[in-house]
Amino acid sequence: MNTLWLKAAHVGAALTWVAGLLLLSIASRGPSASEPSPEWRRFVLTWSRWVTTPAMLAVWGLGLTMAARAHWFSSGWLMAKLACVLALSAGHGYLSGRLRRRASPRRSTDSKHDPDRSLTAVSIAIILLSFAIAALVVVKPF
Amino acid sequence: MRSNIHPELALMSRLRQVAFLEGATLILLSFVAVPLKHWGDTPIAVSVLGPIHGLVFVAYLVTLMQTAAECRWRARDVVLLVATSLLPFGSIIGSSLLRRRVGAHLGQKAKPLLRWPR
């Protein structure tokens with residue numbers, strides 16, 4: 001596949017993944033007046049399974065293929081970017097686990113007192129990491 | 001009661017499977033592929049196993065965080081499991097920890113991985 005097509009597919013998958021992560025963090029919120037309904041949470045979980053998770057796999061697969069083709073593995077910016085993407089992947093796991101817990105009718109009651117501060121922190125971290133990744137790829141500072 | 005614990009046990013079981021794969025690919029990479037590259041002048045094994053181990057490690061990290069968030073594990077346990085996954089044969093310690101977690105979840109005394117002969 002042409003490198004430009006690979007890059008386009010990688011960027012598209014990354015956008016889909018980050019959008020799905022923010023959707024997961026919004027759907028995991030509660031309890032409050034604006035708490036998402038159980039149906040909405042189930043929909044987001046289904047979306048995560050069929051769209052967000054495959055997008056993450058595509059990001060990793062296409063990204064590693066591009067890096068191997070371009071011999072970027074010795075570059076410092078790529079190592080920093082890999083660390084950021086690893087952190088985003090960990091955040092993906094955390095958010096989907098939280099949402100699964102919240103969406104489960106049996107176990108949602110014992111998480112009523114979970115603070116939402118950690119979710120806000122995760123959402124902000126997702127945005128900051130996305131900016132850091134964009135800067136590392138475009139500027140390639142080291 | 002059984003239906004209450006079933007989803008979490010299924011998650012832990014999946015985590016143990018991914019942890020096994022992660023440990024196995026790390027051992028193969030460290031003790032087969034890397035020596036072949038440096039002493040056998042055969043870099044192909046590292047270039048094949050390296051990305052495979054990398055992807056399995058990502059799968060392990062995602063599954064670990066998902067399980068920890070769903071089962072409400074302490075951050076200390078997560079850090080310990082990540083640390084053990086970075087070391088060759090560290091997955092044996094990780095597996096023991098997971099086994100204890102499953103035991104604790106079932107409300108039973110956790111079985112140790114190794115028993116000293118009496």
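Is Arg74(B) buried, exposed or partly exposed? Arg74(B) is partly exposed, with a relative accessible area of 48%, where buried means under 20% relative accessible area, exposed over 50%, and partly exposed in between (1.4 Å probe, protein chains only). This is a predicted model, in which local features need pLDDT of at least 70, side-chain atom pairs count only at pLDDT 80 or more, and totals for chains, interfaces and linings use all residues. Residues are numbered from 1 along each chain as its sequence is written, chains are lettered from A and ligands numbered from 1 in the order in which they are written, and side-chain values use heavy atoms, with hydrogens and water left out.

**View 1. Arg74(B) and Asp77(B) form a salt bridge.** The closest N and O atoms of this pair are 3.8 Å apart, a salt bridge being a side-chain nitrogen of Lys or Arg within 4 Å of a carboxyl oxygen of Asp or Glu. Asp77(B) is buried, at a relative accessible area of 7%.

**View 2. A salt bridge links Arg100(A) with Glu70(B).** The N to O distance here is 2.7 Å. Arg100(A) belongs to helix H3 (residues 76-103) of chain A and Glu70(B) to helix H2 of chain B, so the pair joins two chains; helices (H or I, at least four residues) and strands (E, at least two) are DSSP runs, numbered from the N terminus. Glu70(B) is buried, with a relative accessible area of 1%, whereas Arg100(A) is partly exposed at 25% relative accessibility. Side chains of opposite charge can pair when their charged atoms come close.

**View 3. Glu39(A) and Arg42(A) meet in a salt bridge within chain A.** Their side chains are 4.0 Å apart, N to O, and because the two are three residues apart in helix H2 (residues 38-70) of chain A, about one helical turn separates them. Arg42(A) counts as partly exposed, at 44% relative accessibility.

View 4. Helix H1 (residues 2-39) of chain B gives the largest share, four residues, while Ile92(B) is found in helix H4 (residues 90-105) of chain B.
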